[in-house]
Amino acid sequence: MTKRLDMKGIGKSFFATRALDNVNFTCVAGEVHALVGLNGAGKSTLMKILGGVYQKDEGVIEIDGAKVEIAAPSDAGDRGIAMIHQELSLINELTVAGNIFLGRELRHGATPFVNKREMARQVRAQLDRFGLTLDPNRKVADLNSGEKQIVEIIRALMSDAWLIVMDEPTSALSEEDKEMLFDFIRKMKEEGIAIIYISHHMPEIFSIAEQVTVMRDGVIVLSECTAASSEDHVIRSMTGAELDHFVKPHKEITGKTILTVENLTHPGAYEDISFNVHEGEIVVMTGLRGCGAPELAKAIFGLDGSYAGKISYFGQPLKPGRGPAQAVADGMGLVTENRDKNGILPPLSVRDNIALPYLEKSVKAGLIDGRRIDALVDKAIRDTSTKTSSPEQEIRFLSGGNKQKICFSRWLDPDLKLLILLEPTRGIDVHAKADIYRIIEDLAGRGVGILILSYEIDEVIMLADRVLTLYQGATVSEYAYPGFDKDRMLADMAGAGQGH
Amino acid sequence: MPNFGRLLREKNIIFVTLALCVLFYLISPRFLSLDNMSAISRQIVPIGLIALGQYFVVVSGNIDLSMGMGSVLFAIVLGVFFGLTGGVALGIVAVIVCSLALGFFNGVLVAKLKLPAFIVTLAMLFSAQGLSGLIIPRGQQIFLMGDFFRFIGAGKFMGLYWSFLFLVALFVLAYVVYNHTRWGAYVIAIGNSEENARLAGIDVDRVKIGVFMFSALCSGLAGIVLSSRMGFVQPGLDGNGLLLDGIAAIIIGGTLILGGRGTIGGAFWGLLFIGVINNALNLLNVEDVWHQVFKGAVILAALGANWLLWQSRQVEAH
């Protein structure tokens, strides 16, 4: 088989940070090349350079032996490189064929009328070629995620793509759809299409990929045939040989049980999950995206009532789906994973954002007690070390880390008993992270029970008193401090040893 | 066997309209008389033109609030040219040129300067209203007389008003454009996701400007029809009432106010629905104030039901 893509000595820096250093990466026609690495290892930077989103600082990209420059996403498309993103770029209200031909519709001769029959025929021919059954005249809105992904890939193939980059393609798929996608990938290989497959799922990688490359801290640390590699070997390369020796102060968990979750099941999201959270304890759930933890957290907070099993709070069973207002009244708090969408109110000031949950309790004779609110706001800004020019500053101008601190400050209420945090440090810088960790430790020190979902293994180990690893909605194992084994946790998260 | 529940859900506006017709017939048999049907067909033409232009704007994810007062302004442009020259052709050309220019202006502000359509067209609404009063002072009017206006206002072909036939033809044309040309697909695509449409290589700005030019042209035509029927033009015409009837028609016809979804057939039924209500309330001598209240209640019921059905479908889809 022939080498078609050759990226040589690629380097990229963002200000002082070296994101990629001397990276070599190749793709061969008819093969799947898996690309793995922890968050921040440089995978997406490399793919963005290939896709024309970022420009490389050093190195050469060759396609079929000829040097090319990819200056914009459209250049990548023109050269036959297609990126299939997790957030698909389809138009829901158009048909499958309408989407595939969007922007380059076929017409009846020179008339302005679109030739829907011919477009459908060509799409059907492509689908047949890959053994797929899908009606080209169905609206995309009516398709499931697997089918949508197929439409996106077919669209790429019909614009003469020979290299398809898939980013975590199975994260939103059912078992059945995964099989369909894998069959499709195998057929594409037979047709000589090259595929870059970004994933953390070891069983998938070893069943579909010929080559696996591991990145860590911006460099390639392993690149070999899957036939000659092993799940263990790949996982060890991801984490690095030297283990972090972070010593967390030992803490006796002696408090009462706050939360008890027993055999909680929601088909398709999580299955048979059981655990406890005690006063002052930090329990961290971890896994890959799609492991079911966010859904679980939402069930506990009363946002979703369609589960089997039992959730008890201070020994009392909770009514399923009782709603967030009741949860807050019971002393629970939630910081969501998407602060811009579900956390802050962007046009309002820092002050108004912090004050929101305190308004109820700060009313005197029907009017809001402004002075009391000011005092609360000042205290909250101080306690969380939020950096803002003034409390009147509009929150949308703050950095991600400072917005996140304000989301936290809502829950510094002395009545708080259980705080649920979804990806508490997602997309925020190192300094803000340290502040957030401090706030979490302070709350735990005050006796608040804390349940965290984090996808970052180092953060998990740093914060947790207890860790639950999840894979596809099921608990793999539970680790208690200090018996954390990073390699084993990563293997759990990646589904290693579970077969496919 | 057809799935009746589904039919009722997707075509509910047809059933509601027919049910209202039966109800009005029971109250006053004159409602279903040939004369009255014919009157409805003529009354809905200006609303229908507004609805048609607005339809493409709304599906593209925008709104054009200037259509109603625009119609009044364009009617006055027609009147002024007619009054000055006594010729019709020049007046019609002037209306077409002015409306396309106004639509182009709206479209450029929305597409190129990225201003919200609501703001741009609201400003245009007030400007059009002001200009109308500037050209013809309040209380004055210009009479429109001659064969052309009689033809547009009251001409019939085999018992049907020419203006109604003209409207139906435009709806058919719009159906073909919406469902069978690239432009129609691009309007839907932009209404669903401007970003994704751009990524697919569509010239989003051009499509948006085109949408606003079309809506302004439709309001120009509505101005011509409206003034022809009345036989005079004056700045005090209720342009905003016309605009709101047009918007109500397409929303009742199942067009998603957020953009990206709708059918031309649905919009036509929504138009009939509005026409039936307007006519029946007049016919039944409902006092003017109560007329509006009743209309509001019926629209709320119809729209509320549509919205709930849409949401239930969203839930099913997950």
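User: Why is helix α9 (residues 182-192) of chain B called largely enclosed by the rest of the structure?

Analyst: Nine of its eleven residues are buried, so α9(B) is largely enclosed by the rest of the structure. A residue is buried if 20 or more other C-beta atoms lie within 10 Å of its own, exposed if 12 or fewer, and partly exposed in between, with C-beta atoms placed from the backbone. Helices (H or I, at least four residues) and strands (E, at least two) are DSSP runs, numbered from the N terminus. The buried residues of α9(B) are R182(B), A185(B), Y186(B), V187(B), I188(B), A189(B), I190(B), G191(B) and N192(B).

User: What do the buried residues of α9(B) pack against?

Analyst: They pack against α3 (96-100) of chain A, and against α3 (34-59), α10 (194-199) and α11 (204-230) of chain B. Contact here requires C-beta atoms, placed from the backbone, to lie within 7 Å. A caution on sources: this is a predicted model, where local features need pLDDT of at least 70 and side-chain atom pairs count only at pLDDT 80 or more, while totals for chains, interfaces and linings use all residues. Residues are numbered from 1 along each chain as its sequence is written, and chains are lettered from A and ligands numbered from 1 in the order in which they are written.

User: What makes S41(B) count as buried?

Analyst: S41(B) has 20 C-beta neighbours inside 10 Å, so it counts as buried. S41(B) sits in helix α3 of chain B. Leaving out residues up to four places away in sequence, S41(B) touches L160(B), Y161(B) and F164(B).

User: And T475(A): buried or exposed?

Analyst: Buried, because T475(A) has 20 C-beta neighbours inside 10 Å. T475(A) belongs to strand β22 (residues 474-480) of chain A. Beyond neighbours within four places in sequence, its contacts are I273(A), L468(A) and L470(A). F275(A) is 200 residues away from T475(A) in sequence, with 9.7 Å between their C-alpha atoms.

User: How do you know that chain A is as compact as a globular protein of its length?

Analyst: Its radius of gyration is 25 Å, close to the 23 Å from the globule rule for 500 residues, so chain A is as compact as a globular protein of that length. The radius is taken over C-alpha atoms, and the rule is 2.2 Å times the number of residues to the power 0.38. Chain A has 17 helices and 22 strands. Of its 500 residues, 43% are buried.

User: Where are the domains of chain A?

Analyst: Domain 1 covers 3-239 and domain 2 covers 257-331 + 413-493. These bounds come from an automatic or database domain assignment. Over C-alpha atoms, 33 Å separate the centres of domain 1 and domain 2 of chain A. Their contact takes twelve residues from domain 1 and ten residues from domain 2.

User: How are α4 (residues 67-85) and α5 (residues 89-111) of chain B packed?

Analyst: They pack at an angle of about 150°, with axes 8 Å apart. Axes are lines fitted to C-alpha atoms, for helices over the stretch in contact, and angles run from 0 to 180 degrees between N-to-C directions. The contact of α4(B) with α5(B) has ten nonpolar, four polar and no charged residues. Ala, Val, Leu, Ile, Met, Phe, Trp, Tyr, Cys and Pro count as nonpolar, Asp, Glu, Lys and Arg as charged, and the others, Gly among them, as polar.

User: How many residues does each chain give to the contact between chains A and B?

Analyst: Chain A gives 13 residues and chain B gives 16 residues. The chain A side has seven nonpolar, four polar and two charged residues.

Methods
Contact = placed C-beta atoms within 7 Å.
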